[in-house]
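Visitor: Could you walk me through this structure while I have it open? I'd like to go piece by piece and ask things as they come up.

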Amino acid sequence: AGNKVPDAIRNNKEQVVLKEEEKKNIRGKIEKHVDGQLNTYQTEGVLWLHQMRLNKTGCLLADEMGLGKTIQVLAYIASSELTCQHNLVVCPASLKHNWELEINKFTPQLSSFIDIVTYDHLRINIEHYSKMVYDNIIIDEGQNIKNKDTKRFYALKSLEANQFIVLTGTPIENSIEDVWSYFSILIPEMDSIHQFLKREATNMEKYIEASGYFLHPYILRRTKYEVLRDLPEKNEITVYINLDKQERLVYDSI
């Protein structure tokens, strides 16, 4: 009885995949509703997000920093049939303005359909947000919730949405447990698998291997090296700026 495999493992099935006609339809909506040209790998990322939605599951978009996770999410929402009008982006304060700029630049029609809040604003005002039902909740810089014992984590855990998406270019900072923390929100049913593996894995190597087996279908990770042929040519321009007297004083004092 102690070795009983959770139903989530025993009933693990392959995902439903998008049909070619569905992919063609999504690509058409991207061209129509996104003001900008997506790279091939970015379009593939949007299609993957749609496939995750088709399978009614949360997911982790873990592309390396600089590969355009934000535009992929915006293109995904813009090319979706929204179940409801509410979408929520949770991000560090330093990225709130960037999200606003990206929305206005690429998908201005979504500006009234996406609320952007910081982690701390959400935590402080959780009573308000926990009453809402969102279509999509996007958790940017997901490493901010890798600790399951924080108030930030519990605040996000209390939210309700048709789909959760975590974005992070550094999915593992300390250990595989970071990723399991994300999936406690993305796919709560995974908690039983997590506990089963922790209890039954004979060593760390097997535990990591088994974790990868169950989590891999719900994670998309591309590095710059992998998609280098898809990226535009890099142009570097060096601009030298001299500090004025007041700026130099401030700089030197720091």
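Predicted model: local features only at pLDDT ≥ 70, side-chain atom pairs only at ≥ 80, totals over all residues.

Guide: Before anything else, a word on naming: helices (H or I, at least four residues) and strands (E, at least two) are DSSP runs, numbered from the N terminus.

Visitor: OK, so is Ile-145 buried or exposed?
Guide: Ile-145 counts as buried, at 0% relative accessibility.

Visitor: And what is Ile-145 in contact with, beyond its sequence neighbours?
Guide: Leaving aside residues within four places in sequence, Ile-145 is in contact with Tyr-119, Ile-139, Phe-153, Leu-156, Ser-181, Tyr-182 and Ile-185. As for spacing, its C-alpha lies 9.9 Å from that of Val-166, a residue 21 places away in sequence.

Visitor: Let's step back to the sheet. In what order do the strands run?
Guide: Six strands form an open sheet, in the order β3-β2-β4-β5-β1-β6, and the pairing is parallel. The edges are taken by β3 (114–118) and β6 (219–220), each of which has a single partner strand, so one side of each is left without a neighbour in the sheet.

Visitor: How many residues of β3 are buried?
Guide: Four of its five residues are buried, so that β3 is mostly covered.

Visitor: And how many bridges join β2 to β3?
Guide: Five bridges join strand β2 (residues 87–91) to β3, the two running parallel, and within this pairing Asn-87 stands opposite Ile-114 in β3. Elsewhere in the sheet, strand β1 (residues 59–61) is joined to β5 by three bridges, again in parallel, with Cys-59 standing opposite Ile-165 in β5.

Visitor: Since you mention a cysteine, how many disulfides does the structure hold?
Guide: The structure holds zero disulfides. Cys-91, for one, is in no disulfide, and the nearest cysteine sulfur, which belongs to Cys-59, is 18 Å away.

Visitor: Are those two cysteines buried or exposed?
Guide: Cys-59 is buried, with a relative accessible area of 0%, and Cys-91 is likewise buried, with a relative accessible area of 0%.

Visitor: What about charged residues inside? Where is Asp-140, say?
Guide: Asp-140 is found in the loop between β4 (133–139) and α8 (151–157). Asp-140 is buried yet has no salt bridge, and the nearest side chain of opposite charge, that of Lys-69, is 6.3 Å away.

Visitor: Why doesn't that 6.3 Å count as a salt bridge?
Guide: Because a salt bridge requires a side-chain nitrogen of Lys or Arg within 4 Å of a carboxyl oxygen of Asp or Glu, and Lys-69 is 6.3 Å away from Asp-140.

Visitor: Then which residues does Asp-140 touch?
Guide: Not counting residues up to four places away in sequence, Asp-140 touches Val-90, Cys-91, Pro-92, Leu-95, Trp-99, Tyr-119 and Leu-167.

Visitor: How many salt bridges does the structure hold, then?
Guide: The structure holds 11 salt bridges. One of them is formed by Arg-53 with Asp-135, whose closest N and O atoms are 2.8 Å apart; since Arg-53 lies in helix α3 (residues 40–54) and Asp-135 in strand β4, the pair ties together parts that are 82 residues apart in sequence. Asp-135 counts as buried, at 1% relative accessibility.

Visitor: What does Lys-146 form a salt bridge with?
Guide: Lys-146 forms one with Glu-173, the closest N and O atoms being 2.6 Å apart. Lys-146 lies in the loop between β4 and α8 and Glu-173 in the loop between β5 (160–167) and α9 (177–186), so this pair ties together parts that are 27 residues apart in sequence. Lys-146 counts as partly exposed, at 24% relative accessibility, and so does Glu-173, at 40%. Salt bridges that share partners also join Asp-120, Arg-123 and Arg-152 into one network.

Visitor: Last topic, the core. Which residues touch the most other members?
Guide: The largest nonpolar core has 67 residues, of which Trp-99, Leu-122, Ile-139, Leu-156, Leu-159 and Phe-183 touch the most other members. Helix α4 (residues 69–78) gives the most to this core, with seven residues.

Visitor: And what is Phe-183 in contact with?
Guide: Setting aside its neighbours within four places in sequence, Phe-183 is in contact with Leu-60, Pro-188, Met-190, Leu-215, Tyr-218 and Ile-219.

Key
Residues numbered from 1 in each chain as written. Heavy atoms only, no water. Core = buried A, V, L, I, M, F, W, Y, C linked by side-chain atoms within 4.5 Å. Buried < 20%, exposed > 50% of the residue type's maximum accessible area, 1.4 Å probe, protein only. Contact = heavy atoms within 4.5 Å. Disulfide = S-S within 2.5 Å. Lys, Arg positive; Asp, Glu negative; His and termini not counted. Pairing = 2+ DSSP bridges.
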